[in-house]
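The following explanation is intended for a reader who meets this structure for the first time. Please keep the sequence and the model in view while reading.

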Amino acid sequence: MPIAKASAKTVAKAPAKTAVKTDDVAGCLYVVATPIGNLEDISMRALRILKEADVIACEDTRQTLKLLSHFDIQKRLVSYHEHNEITRAAELVIELEQGAKVALVSDAGTPAISDPGHRLVSLSLRHGIKVVPVPGASAFVAAMAASGMPIEQFLFIGFLPSKQSDRRKTLRTLAEEPRTLVMYEAPHRLLDSLEDALEILGNRPAVIAREVTKIYEEFVRDHLEGLVENVRSKPPRGEITILIGTPDGQPQHNGNATNATAPPLARRVDEIMQEKQVDKKAALKQAARERGLTKREAYKQLLVTRDE
């Protein structure tokens, strides 16, 4: 009978399906970098992967839809952000195990770098899923390249803690760091972070990179004290990257004295105590700031001076 013949054929073909290796049907997770501002910065490879993907996991579907619409790409989108990544990562891994090609993107730049993504990458690897990076734009890398700061060695911090006590604690751990510090910051916290950095790290050379690759791209290069004054007079907007160098011994940016002609530290501390009517601790803090020193370095110099 026809029905019996159809069943027989189905049974006969079943072994062929089970003979396929798991590796042949396993999916692949692509970690795709997208532009941080200028859409021309997307790579041809990234566009190809986005077109070939079965699903695109994105931080904000509305933002990603703008990008895809610009390049006439239509794909199934699923949200993947910090509030749902625990459950969504598991759901995506199931699709990957069934052979899906998943492209992971963030709103801008490279996923998993101060953006969601690490959990999905980690879970995929634990389940034997291949993870492929598709490199491209990254805000802090672009900022470093044009900053003029020494970047042969650097330390990327990501975002400083939003709570002041935690932020100051983090900055104290970085006081003796010999490499250029690179970090992101939100506009409404920029002034507080710069003031904390000035007090704890000293008056170091620094750069604010704002809206990199966008229409209003801006680089402000100065010492921390100058940047504090700049931000006070002109509150910034947009995406911000901060670079802070190591101490260079420079005085206050608006001072006329150089480090060579400045009075000895001990004398300067005494002067500040008399001028400002403050205690020695506060005077030492200001003197350290003028010389671009950390409080610890200034205290060591003060001890040596007193001994002499």
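In helix H8, Gln 164, Arg 167, Arg 168, Leu 171 and Arg 172 meet Asp 192, Ser 193, Asp 196, Ala 197, Glu 199, Ile 200 and Leu 201 of helix H9; contact means heavy atoms within 4.5 Å. Helices (H or I, at least four residues) and strands (E, at least two) are DSSP runs, numbered from the N terminus. The model is predicted: local features need pLDDT of at least 70, side-chain atom pairs count only at pLDDT 80 or more, and totals for chains, interfaces and linings use all residues. Residues are numbered from 1 along each chain as its sequence is written, and side-chain values use heavy atoms, with hydrogens and water left out.

H8 (residues 164-173) and H9 (residues 190-201) pack at an angle of about 40 degrees, and their axes lie 10 Å apart. Axes are lines fitted to C-alpha atoms, for helices over the stretch in contact, and angles run from 0 to 180 degrees between N-to-C directions.

Strand S8 (residues 205-210) and S9 run antiparallel and are joined by six bridges. Val 207 stands opposite Arg 221 in S9.

Definitions and conventions: Pairing = 2+ DSSP bridges.
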